[in-house]
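Subject: A structure for you to explore

Hello,

Here is the structure I promised to pass on to you. Have a look through it first, and then read my notes below.

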Amino acid sequence: MKAWIYDDIEGDQREPHNSGESVSFETLEKLGLLPHPNIEMDKVEEIAKERVYRNRDEINVSREGLGAVYEQKLKGFFTEHLHEDEEIRYIKDGSGYFDVRDSTDARWIRVAVEPKDLIILPPGIYHRFTLDTGDYVKALRLFKDEPKWVPHDRSAETDKNPFRQEYLQAVKA
Ligand SMILES: CSCCC(=O)/C(O)=C/O
Ligand SMILES: [Fe+2]
C-alpha cells in the first residue's frame, strides 16, 4: 500500500496520476482511513470481530466479473461519494486505487491497494475507487450490518448529511 497526492491532470483515471508528493500512513490515519498493509486473513478476522462486523461479500471488479453492469459500476465507484456506515475493504487479488479527500478538501489522496492490503473507510469520508491499468481487483467487502453498498454522491445535500458532519468533527485538527 502506498499513497500520494493525485496530480489532477486530465487523462485515464486508471493511470497512477502520481504528483510525486507522497502521503504517510500517519496522514491517512488522521483522516480516519485506517490502513493495514499486507495482512493475512486471520488478522482480517480479528479486526472484523473486534469492530463487530457481521456481514461481508466478495466482489470481482473486472469486465468478466461484473458483466453487463461493468461500465455502470465503475462509473458509480469513481463518482465521489460517502457511506453512512464504516466499511472494510480487503484486497484478495489484483489492485486498484481508492482516492480520498485530503484535510483541505481540495486535493485527492490516491491510495494504491494490492493483495493483502486492508483499509477501513470511516462513515462520512468522501472517496472514490478505480481499477488501475490491470483492470482487475477481487476484494472482500465487510459491512457492519447487511451486505449493502449505498453510496451518497457528493452534493450540497450530502455535505449536510449527519454522518458527514460527524466525520468532519472527528477529523478536525
Ligand atoms: C474494491 S471494492 C469496490 C469499491 C467499493 O466497494 C467502494 O466502496 C468504492 O467506493
Ligand atoms: Fe465507496
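Is His-127 buried or exposed, going by its C-beta neighbours inside 10 Å? Please keep in mind that this is a predicted model. His-127 has 24 C-beta neighbours inside 10 Å, so it counts as buried; the cut-off for that label is 20 or more. You can find His-127 in strand β10, which covers residues 127-131. Leaving aside residues up to four places away in sequence, His-127 touches Phe-98, Asp-99, Val-100 and Leu-121.

Why pick this residue to begin with? An unreviewed UniProt entry lists His-127 under "binding site", together with His-81, His-83 and Glu-87. These residues span 47 residues in sequence, yet no two of their C-alpha atoms are more than 13.2 Å apart, so they gather at one spot.

With 19 C-beta neighbours inside 10 Å, His-81 counts as partly exposed. Its contacts, again not counting residues up to four places away in sequence, are Arg-128, Pro-151, His-152, Asp-153 and Arg-154.

Where does His-83 lie? This residue sits in the loop between β5 (81-82) and β6 (87-94). His-83 counts as partly exposed because it has 19 C-beta neighbours inside 10 Å. Beyond residues up to four places away in sequence, His-83 touches Leu-121, Pro-123, Val-150 and Pro-151.

Enjoy exploring, and write back with any questions!

Best wishes

Methods. Residues numbered from 1 in each chain as written. Chains lettered and ligands numbered in written order. Predicted model: local features only at pLDDT ≥ 70, side-chain atom pairs only at ≥ 80, totals over all residues. UniProt positions renumbered as here; feature names shortened; annotations may be inferred. Helix = DSSP H or I, 4+ residues; strand = E, 2+ residues; numbered from the N terminus. Buried ≥ 20, exposed ≤ 12 C-beta atoms within 10 Å, placed from the backbone. Contact = placed C-beta atoms within 7 Å.
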